[in-house]
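Dear colleague,

I am passing on the structure that follows, together with an account of what was found in it. Please read the notes below with the structure open beside them.

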Amino acid sequence: MFITTLLIPLARHSLPLLTAMTFIVGTASAILYGTLNQLASLVFPDSGALPAAYTSGLQASAGLVLITSLGTGFGGTQQHGGGVRAEWEFYGVISVLVGVSWFAFVRLISTSHSVRRSMDMRDSSLTQQDIASLSAPFLDDNSNNEAKESLGERMLSSSSSSSSLMDISPSQPLPTISDTDVTFLFLWKRTWPCCASLIITVASSMAVASSFNQTNSTNPKSDSLPRILFYIRLFADLLGRPATLVLPPSSVSCVGLITAIRLIFVPLFFLDVNNKLVLGDWGMIFGVAAFGFTSGYIATGIRQLAPNALTDTRTEVTVPKQSTLINVTFSMAVLLGLVVTFVLLLKK
C-alpha cells in the first residue's frame, strides 16, 4: 500500500493503471478499517468510547490530507512542471503517513496487553468451536436433528419475547446458543434494524456529498460553495462521532427516528441543485452541517448499540462476526449511494 500510493503519479495518463492502483489502496484500506472495527468490538465490547475514537480518527484523517494539499500546492493553478512536482510531493507525504499508520497498527497488535489477551480468548473460543464441529459427524443423526430442532425452538422463543422464559420449569435448562449456531443469517435477524439505519444514512450521505459540485451559489461571481459544503460536511461528521459520548443514543429506535428525520433534507437539497428550490448559500451550509453531524452520530451510535442485540450470544466470537456484518453493510451502503447518484445524474 505504501509503494502503490507513492507511485500513483505514474498513472496520471493511464486509466487502467490508475484503476488498478486505487483498487489496491482501497482494498488494503478496507481490510485495515475492518480489522480495527473487529478489534474495537473485541477488546472493549462494553465501551462506547473506542468506536467513537477510531471513527473520529477516520474522519480526521481528511484534515491531514487537506493540510498536505495546501502545503504542497497540489490541486492548485501551477504550470505543468510545478503541478507535477506538487503531485509527487503530495503523494510522497501521503505515503509516509500511510507508513506511519501501518507501523502504529503493527505496534498496537504486538505490544498492547489488552489486544493480545482478547485475541487469545477469541482464538481459544475458535479452537473449541473447531473441536465441536469435528466431533459433530460422530453423533447419532437422530439425536443431532432433535438437538437442532430443540435449539431452533428455544432460539425462536427466546428472541420473540422475554415472557416465554417464564414458561420453562426450574428443572428445564435455560435456552443457550453456542458459537457454532450463530450464523450471519442469525446475526442479521438480530441486527437488521441497525443495518437498515446504517444503509439509509450512508447511502443518503454519499448521494448528497457526490452532488456538491452541482450546487450553485446565489452569488454568480462565487464558485467556492461546493468546496465549502465539502469541508462543512466533513468536519460536522467528525463532530458528530464524539458527540455520542456526551449524549449517547438511548436505543436503536432513537437512532432510527433520527435517521428518518434527517432524510427530509435530501429532497430539499436536490430540488435546490435542480434550481427548483432556492435554499440560499446559508440555508445550504446549515442544512449540510446538520446532515453531516447526524450522519457521524448515527454511524457511531449504531456500532455502540449493535452488540446489545446479541444478548445471550455475546461472546468473543460472535461480537467480531457482527462487526464484520456491519462492515459489509457499510460497503453496500456506499455502493448504493453511488448508484443513486449516477441515476440522478442520468435523469438530469
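**Serine 331 and the helices**

Serine 331 is a residue of helix H13, which covers residues 318-347, where helices are DSSP runs of H or I with at least four residues, strands are runs of E with at least two, and both are numbered from the N terminus. At a relative accessibility of 41%, serine 331 counts as partly exposed, a term for values between the buried class, under 20% relative accessible area, and the exposed class, over 50%, with a 1.4 Å probe and protein chains only. Serine 331 and alanine 30 are 301 residues apart in sequence, and their C-alpha atoms are 9.0 Å apart in space.

Before going further, please keep in mind that this is a predicted model, in which local features need pLDDT of at least 70 and side-chain atom pairs count only at pLDDT 80 or more, while totals for chains, interfaces and linings use all residues. Residues are numbered from 1 along each chain as its sequence is written, and side-chain values use heavy atoms, with hydrogens and water left out.

**The protein as a whole**

The protein has 13 helices and zero strands, and its pattern along the sequence reads α-α-α-α-α-α-α-α-α-α-α-α-α. Of its 348 residues, 35% count as buried. The protein exposes about 19900 Å², of which carbon and sulfur atoms supply 68%; such areas come from the Shrake-Rupley method with a 1.4 Å probe, and for residues only the protein chains shown count as cover. Among contacts in the protein with a separation of 6 or more, 77% are accounted for by residues 24 or more positions apart, a contact being heavy atoms within 4.5 Å.

**Helix H12 and its partners**

Helix H12 (residues 280-305) packs with helix H7 (residues 184-209) at an angle of about 150 degrees, and their axes are 10 Å apart. Axes here are lines fitted to C-alpha atoms, for helices over the stretch in contact, and angles between N-to-C directions run from 0 to 180 degrees. H7 and H12 are therefore roughly antiparallel to each other, since angles over 145 degrees count as roughly antiparallel, under 35 as roughly parallel, 65 to 115 as roughly perpendicular and the rest as oblique. The crossing of H7 and H12 is left-handed, that is, the near helix is turned anticlockwise from the far one by less than a right angle, whereas clockwise would be right-handed. On the H7 side the contact is made by Cys194, Ser197, Leu198, Thr201, Ser204, Ser205 and Val208, and on the H12 side by Phe291, Ser295, Ile298, Ala299 and Ile302. By class, this contact of H7 with H12 has seven nonpolar, five polar and no charged residues, where Ala, Val, Leu, Ile, Met, Phe, Trp, Tyr, Cys and Pro count as nonpolar, Asp, Glu, Lys and Arg as charged, and the others, Gly among them, as polar.

Helix H10 (residues 252-262) packs with H12 at about 155 degrees, with the axes 10 Å apart, and H10 and H12 are therefore roughly antiparallel to each other. Their crossing is left-handed. In H10, Val252, Val255, Ile258, Thr259 and Arg262 meet Phe291, Thr294, Ser295, Tyr297, Ile298, Ile302 and Leu305 of H12, and by class the contact of H10 with H12 has eight nonpolar, three polar and one charged residues.

Helix H11 (residues 265-273) and H12 pack at an angle of about 145 degrees, with their axes 11 Å apart, and H11 passes H12 in a left-handed crossing. The residues in contact are Phe265, Val266, Phe269 and Asp272 of H11 and Gly280, Met284, Gly287, Val288 and Phe291 of H12; by class, the contact of H11 with H12 has six nonpolar, two polar and one charged residues.

**Single residues**

Glycine 283 lies in H12 and counts as partly exposed at 32% relative accessibility. Its C-alpha atom is separated by 9.9 Å from that of phenylalanine 269, 14 residues apart along the chain.

Isoleucine 200, in helix H7, counts as partly exposed at 37% relative accessibility. Apart from neighbours within four places in sequence, isoleucine 200 is in contact with Thr259, Arg262 and Leu263.

Valine 93 has its place in helix H4 (residues 80-111) and is partly exposed, with a relative accessible area of 36%.
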